[in-house]
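Me: I have a structure to go through with you. Can you take my questions as they come?

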Amino acid sequence: MISKDLIGTKNEAARVAHEDDYGSLGRQLARRGVEIETLTARAMAWSVAIPTWGVGTGGTRFARFPGLGEPRNIHDKLADCGVIQALTKGTRTVSPHIPWDKVSDYNALRQEAASYDLGFDAINSNTFQDQLDQEATYKFGSLAAADPKARALAVAHNIECIEIGKALGSGALTVWVGDGTNFPGQQSLGGMFRNYLEAMGEIYAALPPQMSMFIEHKMYEPAFYSTVISDWGSSLMAAQALGPQAKCLVDLGHHAPNTNIEQIVARLIHVGRLAGFHFNDSKYGDDDLDAGSVDPFRLFLVFNELVEAEGAKGFDPAYMIDQSHNVTDPIESLMGSAIEIARAYVQASLVDRKALAEAQAANDVLGAHRILKAAYLTDVSPILAEARVRQGGAHDPIATYRASGYRAEKAEERPMVKGASSGIV
Ligand code: LRH
Ligand code: MN
């Protein structure tokens, strides 16, 4: 994949400047009473999961413009995820999607992933597309559909995903359904929710004790009038109706613009039902843009809630990326996003929580705000780079990746997918 020599050579070229930057940040933080090594240790322990569907070039309903050396199957996808882990050392797991990643031998797949220093995170079911010769269509919904055959098929598919997840060592099943309506009156809004709960109950009953169920809400798309699990409230109602292994997954792009997502996170933490995240960024809808590329302060504010909640009862969120790379090299985008997510985590770990609580208690409004901003405005890049280099990763993953010629090599190996296509994968 990426030779250790190349990583070593590139890191050596950057070492003197890096050590100077790391040293000066260490001195700056020491003046603020912060030990830099504590933060570097946190950065080294940090990890975010890569979506297997994210290493292919994404698209929209209008078109998908294939990139060079596209992964053709889960084996190519794991190799590309392996490159991201080899260079960032902060993406130790991948989140698979079924049936896109279906194989005949999941044990072999688990070993194949381990050969890239990768494990499996939450497994995603898919009842938003019909498979070839499917007995009942999901056109009018799946788990919430009026058609009992469609519901039964969707339940069976999710139970199959649980079995695959067990074989892969995955700790959770993520259930996102696009079920909803495009016209008022098309379906009973209460009826769809009841159907959904009943079907999810059958899936929940098949969960082994070690697996959780992650319910992912989304305001709209593909349905454009109503969506059965459109917001965190519906998701929480479903989780509480199903049982303690059911939790609420927050995809940052699944909310109306300007929604206070960090407060939703604080609420789900309060009831011990925060499943975790699908990180990305957006300006309008479910744009699936690179995390931290549009609104890095929002990402920081979400992490501020997460770091504040560390140690809380039932607090063990799963961290995953969910993006669509329509115009960039997916490997570069995913490495960039993994770095920006780790950055938000380390910045939030810098917040002087004692001083913040005192300022809040004293209604020192600007004082409290400036304590948060001071952490956000700290350039922690030397800590992130040090954490990568100490684990054998790259000081600059994207520059090292470009120097490796990996994409050009894959373009030779993997024929270009010709012909017009559209959709996210
Ligand atoms: C739905 C979603 C979901 C995935 C899909 C690829 O928008 O965020 O998490 O299954 O994207
Ligand atoms: Mn998602």
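Reply: A term to begin with: helices (H or I, at least four residues) and strands (E, at least two) are DSSP runs, numbered from the N terminus. His75, for one, is in helix H3 (residues 74-88).

Me: What kind of model is this, and how is it numbered?
Reply: This is a predicted model, where local features need pLDDT of at least 70 and side-chain atom pairs count only at pLDDT 80 or more, while totals for chains, interfaces and linings use all residues. Residues are numbered from 1 along each chain as its sequence is written, chains are lettered from A and ligands numbered from 1 in the order in which they are written, and side-chain values use heavy atoms, with hydrogens and water left out.

Me: Back to His75: buried, exposed or in between?
Reply: His75 is partly exposed, with a relative accessible area of 34%. Buried means under 20% relative accessible area, exposed over 50%, and partly exposed in between (1.4 Å probe, protein chains only).

Me: How far is His75 from Val103?
Reply: C-alpha to C-alpha, His75 and Val103 are 9.6 Å apart in space, and 28 residues apart in sequence.

Me: Now the metal. Which residues give the protein donors of the manganese ion (ligand 2)?
Reply: Glu216 (OE), Asp251 (OD), His278 (ND1) and Asp322 (OD), lying 2.1 to 2.2 Å from the manganese ion. Donors are N, O and S atoms within 2.8 Å of the metal (3.2 Å for Na, K and Ca); water is not among the atoms, so sites may look incomplete.

Me: What geometry does the site have?
Reply: Octahedral, with angles of 72 to 169° among six donor atoms. Six donors count as octahedral if opposite donors are over 155 degrees apart and all others between 65 and 115. Ideal angles for six octahedral donors are 90 or 180 degrees.

Me: And how are the donor residues spaced in sequence?
Reply: The spacing is E-x34-D-x26-H-x43-D. His278 lies in strand S10 (residues 274-279) and Asp322 in the loop between strand S11 (318-321) and helix H10 (330-348), so this pair ties together parts 44 residues apart in sequence.

Me: Are those two, His278 and Asp322, buried or exposed?
Reply: His278 is buried at 1% relative accessible area, and Asp322 also counts as buried, at 10%.

Me: What about ligand 1? Which side chains have polar atoms by its oxygen atoms?
Reply: An N or O atom in the side chain of Glu216 is 2.7 Å from an oxygen atom of ligand 1. For His97 the distance is 2.8 Å, and for Asp251 it is 3.0 Å. A polar contact is a pair of N or O atoms within 3.5 Å.

Me: How much of ligand 1 does the protein bury?
Reply: Taken alone, ligand 1 exposes 300 Å², and the protein buries 96% of that. Areas come from the Shrake-Rupley method with a 1.4 Å probe.

Me: Which residues have a positive phi without being a glycine?
Reply: Asp117, at about 65°, and Asn258, at about 70°. Most residues other than glycine have a negative phi. Asp117 is partly exposed at 42% relative accessible area, whereas Asn258 is exposed at 79%.

Definitions and conventions. A polar contact is a pair of N or O atoms within 3.5 Å; within protein, one must be able to donate a hydrogen and the other to accept it, and residues adjacent in sequence count only if both atoms are side-chain atoms. Four donors count as tetrahedral if all angles lie between 85 and 135 degrees; four count as square planar and six as octahedral if opposite donors are over 155 degrees apart and all others between 65 and 115; anything else is irregular.
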